[in-house]
Each structure stands twice: as structure tokens, then as C-alpha cells.
Amino acid sequence: FLLAFGAMFYSSQKASARAGEDDRKWEKLLEDGRRQRDEYTGLEGRNQGLARQAATLQRLFDTGRRTAEVIAVLKQRTPPELRITTVEVVTEGPKFRPTRGAREEEKDEPTTSLLIGGMVAARHGDQEIGLANAQDLVGRFLKSLEEEKELFGHVQVDKYPSPAEPVTARTFKMTVTFAAPFYGGIGTSLVKR
């Protein structure tokens, strides 16, 4: 009986030691997992911060590039009888709208429009520019901007020269929507006052 009791006691001591060793291994594995999770969480936060910085830099780059493109196109396409006095860029944020059957809301890209204001000259050379010709000049300018499909998506005239305006102060306004997302912020008056 004593021999059997001794064998059982020895076996239980050995099993307890093995169980304690297994517990220490599991605790070590759990601690390693927690440490790796915390490290991953820190790296994920850092990655999100870097992604925001990259997006900001991309917007700045896009703003500068698009601004230069717009100025080049306006300089090239504006007829000598038209005088652009103001250029303003307006960006409307993305519109969120729920989608059916989806868990997340769908986001549209920001819409950016170029607002152009200007005047039509009273004369070109020694000829006077009539109202119909002034409106035609604005229409042709609109058509020439529509040809820049890689830069502009939609072009419309908001105001043609009107008969109520004096010949020396006939104005026009246009809205040009960019074809791709643009985060710009140019707004300037091109005429010295």
C-alpha cells in the first residue's frame, strides 16, 4: 500500500510540475501575443498618421499642378477680345449617401469648379464689338474650354454680356467643373484695381 501511495504521490508531483511548466509556456505565449498586438496597434496608428500626411502632400501637389495647368490653358485659350478679371476655385466636399444592402456609406469624390469672371472689350482694333459678337466670343471661349476634356468635365456660361450693360463694361461669368478630384484653393483677381 505504501509503495502504491508513493508511486501515486510521485506521479502527481510530476504531473503538477508538468502542468506548471505548461502554464508558464502558455503565459509566455499569451504575453508574447499581447506584446505583438500592442506593437501592431502602435504601428497601425503610425501608419494612419503617415497616410494622412501623404494625402495632404498629394493634395498640395495636385493643387499646384492643377493651378499651373489652369493658368496655362486660360492664357492659351482666352481670345484677345476677352479679359479675365477673376478666377476662383471652389471645392465641395464629397457627398455621403447610404447604399442599399451595404454596411458602409458610399462616398463621392469632391467636386471642384473654376469660377471665371471677365469683361468683353468694346473694340477690337478699329472695329466696335456689338452685343451679339460679344456673346458669340464668350460662347466660342466656352467651346474652346470644352476641348480640354482631360482637365475640365463640364463647362457652362452663367452670365453672358447683356444689353443693360454699357459697352465698356460688358461682363461674363463661367463655371468650369474639373474632370477629376481637385483640392485646390486658388482665388485671385487678375486685374489691378
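This is a guided tour of one predicted model, stop by stop, with what to select at each.

Residues are numbered from 1 along each chain as its sequence is written, and the model is predicted, so local features need pLDDT of at least 70 and side-chain atom pairs count only at pLDDT 80 or more, while totals for chains, interfaces and linings use all residues. Side-chain values use heavy atoms, with hydrogens and water left out.

**Whole chain**

Start with the cartoon view. The protein has two helices and nine strands; helices (H or I, at least four residues) and strands (E, at least two) are DSSP runs, numbered from the N terminus. Along the sequence the pattern reads α-β-β-β-β-β-β-α-β-β-β.

Colour by accessibility next. Of the 193 residues, 27% are buried; buried means under 20% relative accessible area, exposed over 50%, and partly exposed in between, with a 1.4 Å probe and protein chains only. The protein exposes about 13,900 Å², and carbon and sulfur atoms supply 56% of that area. Accessible areas come from the Shrake-Rupley method with a 1.4 Å probe; for residues, only the protein chains shown count as cover. A contact is a pair of heavy atoms within 4.5 Å. Among contacts between residues at least 6 apart in sequence, 70% join residues at least 24 apart.

Select Phe1, Leu2, Phe5 and Phe9. These residues make a nonpolar surface patch of about 570 Å². Patches are made of residues with over 30% relative accessible area and no salt bridge; like charges are joined within 9 Å, and nonpolar side chains (Val, Leu, Ile, Met, Phe, Trp, Tyr) within 5 Å. Phe1 lies in the segment before H1 and is exposed, at 84% relative accessibility.

**Along helix H1**

Move to Glu31 and Arg34, whose side chains meet in a salt bridge (3.6 Å, N to O). A salt bridge is a side-chain nitrogen of Lys or Arg within 4 Å of a carboxyl oxygen of Asp or Glu; by this rule the count comes to 10. Arg34 and Glu31 are three residues apart in helix H1, and therefore separated by about one helical turn. Arg34 is partly exposed at 38% relative accessibility, and Glu31 is partly exposed at 45%.

**Arg77 and its two partners**

Which residue forms a salt bridge with Glu147? Select Arg77: its closest N and O atoms with Glu147 are 2.9 Å apart. Arg77 lies in helix H1 and Glu147 in the loop between H2 and S7, so the pair ties together parts that are 70 residues apart in sequence. Arg77 also forms a salt bridge with Glu148, where the closest N and O atoms are 2.7 Å apart. That pair links parts of the chain 71 residues apart, with Glu148 in the loop between H2 and S7. Arg77 is partly exposed, with a relative accessible area of 23%. Glu147 is exposed at 52%, whereas Glu148 is buried at 10%.

**The nonpolar core**

Hide the surface and select Leu114, Ile116, Leu145, Phe152 and Met174. These have the most contacts inside the largest nonpolar core, which has 25 residues. A nonpolar core is a set of buried Ala, Val, Leu, Ile, Met, Phe, Trp, Tyr and Cys residues joined through side-chain atoms within 4.5 Å. The elements that give two or more residues to this core are helix H1 (2-77), strand S1 (82-92), strand S4 (111-120), H2, S7 and S8. H2 gives the most, with six residues.

Centre on Leu114. Leaving aside residues up to four places away in sequence, Leu114 touches Val70, Val87, Glu88, Val89, Phe152, Met174, Thr175, Val176 and Phe178.

**Aromatic pairs**

Finish with the rings. Rings of Phe, Tyr and Trp (its six-membered ring) pair if their centres lie within 6.5 Å; planes under 30 degrees apart count as stacked, over 60 as edge-to-face and the rest as tilted. By this rule there are two aromatic pairs.

Select Phe141 and Phe172, an edge-to-face pair at 6.5 Å centre to centre and 80° between the planes. Phe141 lies in helix H2 (residues 131-146) and Phe172 in strand S8 (residues 170-178), so the pair ties together parts that are 31 residues apart in sequence. Phe141 is buried at 1% relative accessible area, and Phe172 is buried at 1%.

Then select Phe152 and Phe178, a tilted pair at 5.7 Å centre to centre and 45° between the planes. Phe152 is in strand S7 (residues 152-159) and Phe178 in strand S8, 26 residues apart. Both Phe152 and Phe178 are buried.
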